[in-house]
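Please load the model in your viewer and keep the sequence panel open beside it.

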Amino acid sequence: MPIFKGSAVAIVTPMKDNKEVNFDKLGELIEMQIAEGTDAIVICGTTGESSTLSHEEHLDAIRFCVEKVAKRVPVIAGTGSNSTETAIYLSSEAEKIGADALLLVSPYYNKATQKGLIKHFTEVAEAVSLPIILYNVPSRTGCNILPETVAYLAKNVKNIVGIKEASGNISQIAKVKQLAGDDIELYSGNDDEVVPIMSLGGLGVISVLANVAPRFTHEMAWKYLEGDVKGSCEMQLKALPLINALFCEVNPIPVKAALNLMGREAGPLRAPLYEMEPENQEKLRKAMLDMGIECQ
């Protein structure tokens, strides 16, 4: 059984004006996502500003999400780090808390070799029993998990079962599926490539777009899964202007701005992220309105 099919939201971490985590608003966002059909929730990923959360905040957010969701959909905890020891600690604690699966980003900044990546991911996986989704996003980490590495891990480490692919390299993603086959669950990590990646055997998307258009993103993925490829493709193309607006500045700057425009009170960002440029916010507002999303 796959961890999930369809749309998993890479949920933001709402903040109070004093930059503390706003658990009340996080709870509201979780309830909204479930009500709108989102198939899984990824907590403390890149979009959740995990890099500026303390370990205590990180684990508190995972705990809160697990308790709030209460097994209605899978909770996937982001527990990756550029320190293997830290990734093991966060992953082990997330398992104790009750997460359903883990999302492990490739080590950033120190840029491990492919042998180093195999050792890193294997050591983390052996410390837990939860299923693991690898996260390949070289534009942010400076480290590319090559297809041969993915295939080796999928075939030799029993609980490494999936990959969130955000390399943007469709040829590489095709090779991942060619080499790993049914040993890997493939998910799009880019909202503008959901349909192309599903055409290669992908099961859905781990999505930023789903924060502001959860029902739409769920339906786009499920149309494809249920055989309505044309309908899914039409939705993918319709969403491109909004997707582009959500990534016109570094994620999660625009998506938090979008939620605030919707009155969802996602709050401010933690430094060094900074508020969205006014001209870009107007482009975002227009794209949201064009998609039928009400703004304040």
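A pocket here is found on a 1 Å grid over the protein atoms alone, as an open set of points where a 1.4 Å probe fits, with protein on both sides within 12 Å along at least five of seven lines, and its lining residues have an atom within 4 Å of a point. Grid points are joined across faces, edges and corners, and a volume is the space filled by probe spheres set on the points. The model is predicted, with local features requiring pLDDT of at least 70 and side-chain atom pairs pLDDT 80 or more, whereas totals for chains, interfaces and linings use all residues. Residues are numbered from 1 along each chain as its sequence is written, and side-chain values use heavy atoms, with hydrogens and water left out.

**First stop: the largest pocket**

The largest pocket has a volume of about 640 Å³. Select Thr46, Ser50, Ser51, Thr52 and Tyr108, which are the closest to its centre among the 31 residues of the lining. Strand β4 (101-105) gives the largest share of that lining, 3 residues, where strands are DSSP runs of E of at least two residues and helices are runs of H or I of at least four, numbered from the N terminus.

**Second stop: the annotated pair**

Next, select Tyr135 and Lys164, where an unreviewed UniProt entry places the feature "active site"; such annotations may be inferred rather than shown by experiment. Although these residues are spread over 30 residues of sequence, they cluster in space, with a largest C-alpha distance of 4.7 Å, and of the two the lining of the largest pocket includes Tyr135.

Tyr135 lies in strand β5 (residues 132-136) and, at a relative accessible area of 7%, is buried, a class that means under 20% with a 1.4 Å probe and protein chains only, while exposed means over 50% and partly exposed lies in between. Lys164, in strand β6 (residues 160-165), is likewise buried at 6% relative accessibility. Display the two side chains together to see their polar contact at 3.5 Å, that is, a pair of N or O atoms within 3.5 Å, of which one must be able to donate a hydrogen and the other to accept it.

Where does the second largest pocket have its centre, judged by the closest residues? About 400 Å³ of space lies in this pocket, and Val137, Gly189, Asn190, Phe247 and Asn251 are the closest to its centre of the 23 residues that line it. The elements α5 and α10 (229-246) each give two or more residues to this lining.
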